[in-house]
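Me: I am new to this structure. Please take a close look at one part of it for me. Here it is.

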Amino acid sequence: MHEDLASAVDAGFARTRRELEELVRIPSVSAPDFDAAEVRRCAEAVADIMRDSGVSRVRLLEIEGAHPAVYGEVEGPAGAPTVLLYAHHDVQPPGPAEEWDSAPFEATERDGRLYGRGVADDKAGVVLHAAAIRAFDGAVPVGLKLFIEGEEEVGSTNLDAFIDEYGDLLAADVVVIADSGNWKPGVPSLTTSLRGLVDCIVDVSTLDAAVHSGIFGGTVPDAITVLARIISSLHDDEGNVAISGLVSGEANDPGLTEAELRSQVGTVDGLELIGSDSLPSRMWRKPAVSVLALDAPPISQAINQIVPSARAKISLRIAPGQGSDEAMAALVAHLESAVPWGAQVTITPGAAGNPFEVDTGGAVTQVFAAALAEAYGADVVDVGVGGSIPIVSALHDAHPAASIVLNGVADNTSRIHGPNESVSLQDLRSGILAEAIALREGARALITGESLGQVGSQTLPNIATVDEVASMPILRPLVGMDKQEIIEQAEAIGTFETSILPDEDCCTLFVPKSPSTAVRAEEIAAYEEEMDVGEMVVAAVEAAELVEYHMPAV
C-alpha cells in the first residue's frame, strides 16, 4: 500500500546504518565523571545528520550546566498539523569492558543485530527519525519539530529548565517518542504506560572516625551493618516493596513466561523471582525498589576497623497513578523509620519523574498501530514499560492537548543499560517505515486531537464546536471560509480530495485519496439531521474507509 515509502527506506538503509554506526563510535555518556565534551560532540553529529536529512533551523539548545539538546524543524503543507519527534543521543556508561563480546563503542554486526552502547537506547531513535524524514524526499505531509535530548540517561536532571526556556518551541499537536521498544523481535508494540522514578542517597554515620574492631567490636554498630538493615526493610519476605502509601495496579499479560524472563535477564541457577502477581504487573504497574550503588571501603582496602560511615543510592520505580512528590515523601519516611540503634542518617532526594499512561483509544494511536502492523507484517501488542522517560510527562504537562505516542525499535533481547546492547537491523528498517506511514496516514486522516473520530469505527459522529475546530491547526484555516475557499484550501494541501453533498446547506466532505475509496454521500445522509449550523461533525465510516469532516456551510 505504501510501496514508495518502503522503496525509499530500503534505498536509504545503508546510509541509515552508517549514521547509526558513526553515532555509536561517540561515547556520549552523560553521567558525572565522564567527558562532557563527547556528549557535545555527539550533539553536533546529530545536528549534521538532521541538516543532511532536510531539516532546517537546526541548532543546539543549551542552558547553563546541562548537556546540549538538538532542535530542528521541517516545514509542512499550509495548515498541516505539527508533530514533535523525540529521541536522545546520550548513553549509559558501558560498564566493565570484559563483559562485552565486542568493543562497546564500535558497532558490530552479529546474526542480523548491531551491537554497541546506545545502538538501541537511543541512537536508533535518532536515525529512525532522520530516515523517516528522508523517505518523503522533501515532501513531508506534516510540519515536524525534532528534539533530541542529551540528558535522558541521567534522569533529565535539567528538564524543567529546558521546558521553561524552550517549552513554546516544543509545542505540537502530536508527540512521537522513539525511546521505547517492541514486545519481541519482529513483534511491533505501542507503549501504553511508563513507570515513574524517584531516587535518593542515604548517608549513614555511627562514629566520628574508625576504631579497632577487636577492641570495640560488640559495643557499637558499624555503618555498613546499619545501612544493610535499612536496605533490608525495603522488601517484605516475598520480595514485594514494603514502603507504605504507594500505588499498585494490574497489567494485561501478553504472554510472558517465567522461562522467557529468566532468559532475558540471565538469572543465576537457583535464583527465586521476587514479588507477587503476574510478571507484567510486577514490571509495569507495581512499584519496584533497587539499590543502585554503595559507597564503603573496597575489599582491597579492608582493615580490622569498625567502619564509621557508608552510603547508598536507592531508586524507586513508581506505578501509573502515583505522583513523584508523594512517592519521594513515602520513600524518605520509610527510610527514616527503618534506622536502627539511633544511627545518624541523612537522606538527600535526587531525580524525580512522574509515571505516564497513554490514551490508547485516540485516533493518533490507532493510526500508528495500523502503520506498525503494515510495516512489520505482524499484529501490534500493547505493552507497558517499567522504565521512565521524564520528557513524556513534562511535555504532557506543558502541552496537555497534544497526543503522545511511544514506540521504538529496542526489544526484550536488546539488553539496554547492560553489556552487549543490541538492536535488530530488520526491526530498525521496519520502524522507519512505520513512522513514515504513520506521518502520511496521520496527515490524510487529519488526526490532530481528541475531537476527531476513531479511524475505522462505526460510531456516530462526534460533534465539535467552532471553537474546538479552531483549536486544530489543520482545520483552523478553514473556519470562516465559504465552500469554494474550503475546497481550494483542501486541494492546495494536496493530500485530500473533496466532495460537496447535494444540499445547498451541507458541509464539505474531505476524503483521503485512495484508489479503492469512493465518495458515497448516501452513507452519511443519516447524519444530516443531527448537524447544527455552526458545528462540525467528524465521523469515521468503516464501510468506505473514510474520515469525514463536515465543515459549517457559510
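Is F216 buried, partly exposed or exposed?

Reply: A word of caution comes first: this is a predicted model. F216 has a relative accessible area of 40%. Buried would mean under 20%, and exposed would mean over 50%. F216 is therefore partly exposed.

Now place the residue. F216 belongs to helix 6, which covers residues 213-216.

Helix 5 spans residues 159-166. Its buried residues are L159, F162, I163 and Y166. Looking down the axis of helix 5, you find these buried residues within an arc of 100°, so they line one face. What sits on the face turned away from that buried side? There, helix 5 carries the exposed residues D160, D164 and E165.

An open sheet is formed by 3 strands, in the order 4-5-18, with antiparallel pairing. Strand 4 (108-110) and strand 18 (422-424) stand at the edges. Each has a single partner strand, so one side of each lacks a neighbour in the sheet. From one strand to the next, the twist averages 30°.

Strands of a sheet pair through backbone hydrogen bonds.

Notes: Residues are numbered from 1 along each chain as its sequence is written. This is a predicted model: local features need pLDDT of at least 70, side-chain atom pairs count only at pLDDT 80 or more; totals for chains, interfaces and linings use all residues. Side-chain values use heavy atoms; hydrogens and water are left out. Helices (H or I, at least four residues) and strands (E, at least two) are DSSP runs, numbered from the N terminus. Buried means under 20% relative accessible area, exposed over 50%, partly exposed in between (1.4 Å probe, protein chains only). Two strands pair if DSSP finds at least two bridges between them. Axes are lines fitted to C-alpha atoms, for helices over the stretch in contact, and angles run from 0 to 180 degrees between N-to-C directions. The arc is that of the directions from the helix axis to the C-beta atoms.
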